[in-house]
Amino acid sequence: MKKIHFPLPLQPGDTIAIVSPSGSINSEYIDGAIARFNDWGFKTIEASHARNIYGRYSGTAAERISDLQWAINDKNIKAILCSRGGYGAVQIIEHIDFSPLLQAPKWLIGFSDITVFHSALTNMLIPSIHGVMARNLTENDTEDPSVLLLHNMLEGGKPSYNITPHALNRTGSATGLLTGGNLSVLYGLRGTKYDINPENKILFIEDLAEKPYHIDRIMQNLKIGGILEKLSGLIVGQFSDMEEDPMMFKTVYEIIADAVSGYDYPVCFNFPAGHIDRNIPLIMGAEIKLEVTEQEVLLSLG
């Protein structure tokens, strides 16, 4: 396997940049994230347009490109928190140069629309963290596992997870690089250089407020496109606030299970990550081991 460019653990006093590469955000959440990082012993610095509002975005495309590129390029910055998702990352991805991270990797943190950046980085073998952003860093209590585990990851921890089994799980064991994120965002990257490369990959998917037939459309696309058959494993996270559609005859989880029914790799449903308050962090682009038995699901770094 080619070299994975793993970021170094953060040390007390290291600097975390807060950027808003997609939607605009309530400034109170940036204040909360800063307070949380300060409590952990880190310094923070804000991008120039992190608090701005430009329609649904935090700034023009040029401003958002400039902010993210600054955070990537600045050698004094050791991690980058994307303040929120929303929409807009796909507008700027072609103009971001991630190559400095090949020489000096640093954590990029976020989820939802930030899947665009996770996809690009995974294809470059640069791990990144699918995890909570500014709102949850502000609102979640100090003992919340999604917050504690993020802190642990930033300082070099490599947590393993033991998940309660789900009736739709498929047993088995697999290793591979973790890839994926928000399913609708991944669908928007199909046919681009940021598309899923399924060979030796374990795919993680989650989504929010989509119609069941839209989820089926995406899963059928991944099936017809040869993505699903080449995976080593599948982790299905939270599909939150889904609209009910009795005319589909199946739940969203059943739709996904049917789409992968012809394959034999392990499948885990109901993983606690996605658009939920306790959004357990995952290291995208890292080699992981997935073990699914009748009694439990184990997920650990390989």
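Predicted model: local features only at pLDDT ≥ 70, side-chain atom pairs only at ≥ 80, totals over all residues.
Colleague: Let's start with the open sheet; how many strands form it, and in what order?

Modeller: Seven strands form the open sheet, and they run in the order β6-β13-β12-β7-β8-β9-β10, with pairing that is mixed.

Colleague: And which are the edge strands?

Modeller: The edge strands are β6, residues 161–163, and β10, residues 267–268, each of which pairs on one side only.

Colleague: What about β7, how many of its residues are buried?

Modeller: Strand β7 covers residues 172–182 and is mostly covered, since eight of its 11 residues are buried.

Colleague: In which sense does β7 pair with β12, and in which with β8?

Modeller: With β12 the pairing is antiparallel and extends over six bridges, whereas with β8, which spans residues 201–208, β7 pairs in the parallel sense, also over six bridges. As for individual positions, Ser173 stands opposite Glu291 in β12, and Gly180 has Phe204 as its bridge partner in β8.

Colleague: Switching to aromatics, how many aromatic pairs does a search of the whole structure find?

Modeller: The search finds eight aromatic pairs. One of them is formed by Phe239 and Tyr253, which are edge-to-face, with 6.3 Å from centre to centre and 80° between the planes.

Colleague: Which parts does that pair tie together?

Modeller: Phe239 lies in strand β9 (residues 233–240) and Tyr253 in helix α11 (residues 252–259), so the pair links parts that are 14 residues apart in sequence. Both Phe239 and Tyr253 are buried, and together with Phe269 they form one aromatic cluster.

Colleague: Which charged ends sit over the rings of Phe6 and Tyr265?

Modeller: Over the ring of Phe6 sits the charged end of Lys158, 5.8 Å from the ring centre, while the charged end of Arg170 sits over the ring of Tyr265, 5.3 Å from its centre.

Colleague: Now the cysteines; how many disulfides does the structure hold?

Modeller: The structure holds zero disulfides.

Colleague: Is Cys82 buried or exposed, and what about Cys268?

Modeller: Cys82 is buried, with a relative accessible area of 0%, and Cys268 counts as buried too, at 1% relative accessibility.

Colleague: Where does Ser83 lie?

Modeller: Ser83 lies in the loop between β3 (77–82) and α3 (89–92).

Colleague: Buried or exposed, and why?

Modeller: Ser83 counts as buried because its relative accessibility is 1%, which is under the 20% cut-off for that class.

Colleague: What is it in contact with, leaving aside neighbours within four places in sequence?

Modeller: With those neighbours set aside, Ser83 is in contact with Ile18, Val19, Ser20, Ile25, Met133 and Ala134. With Ser20 there is also a polar contact, side chain to side chain, at 2.7 Å.

Colleague: Last one, Ile224; where is its place, and is it buried or exposed?

Modeller: Ile224 is in helix α9, which spans residues 212–224, and Ile224 is exposed, with a relative accessible area of 73%.

Colleague: How far apart are Ile224 and Ala259?

Modeller: In sequence Ile224 and Ala259 are 35 residues apart, and in space they are 10.0 Å apart, C-alpha to C-alpha.

Technical notes: Residues numbered from 1 in each chain as written. Heavy atoms only, no water. Helix = DSSP H or I, 4+ residues; strand = E, 2+ residues; numbered from the N terminus. Buried < 20%, exposed > 50% of the residue type's maximum accessible area, 1.4 Å probe, protein only. Contact = heavy atoms within 4.5 Å. Polar contact = N/O pair within 3.5 Å; in protein donor to acceptor, adjacent residues only side chain to side chain. Disulfide = S-S within 2.5 Å. Phe/Tyr/Trp six-rings, centres within 6.5 Å; stacked < 30°, edge-to-face > 60°. Lys NZ or Arg CZ within 6 Å of the ring centre and 35° of its normal. Pairing = 2+ DSSP bridges.
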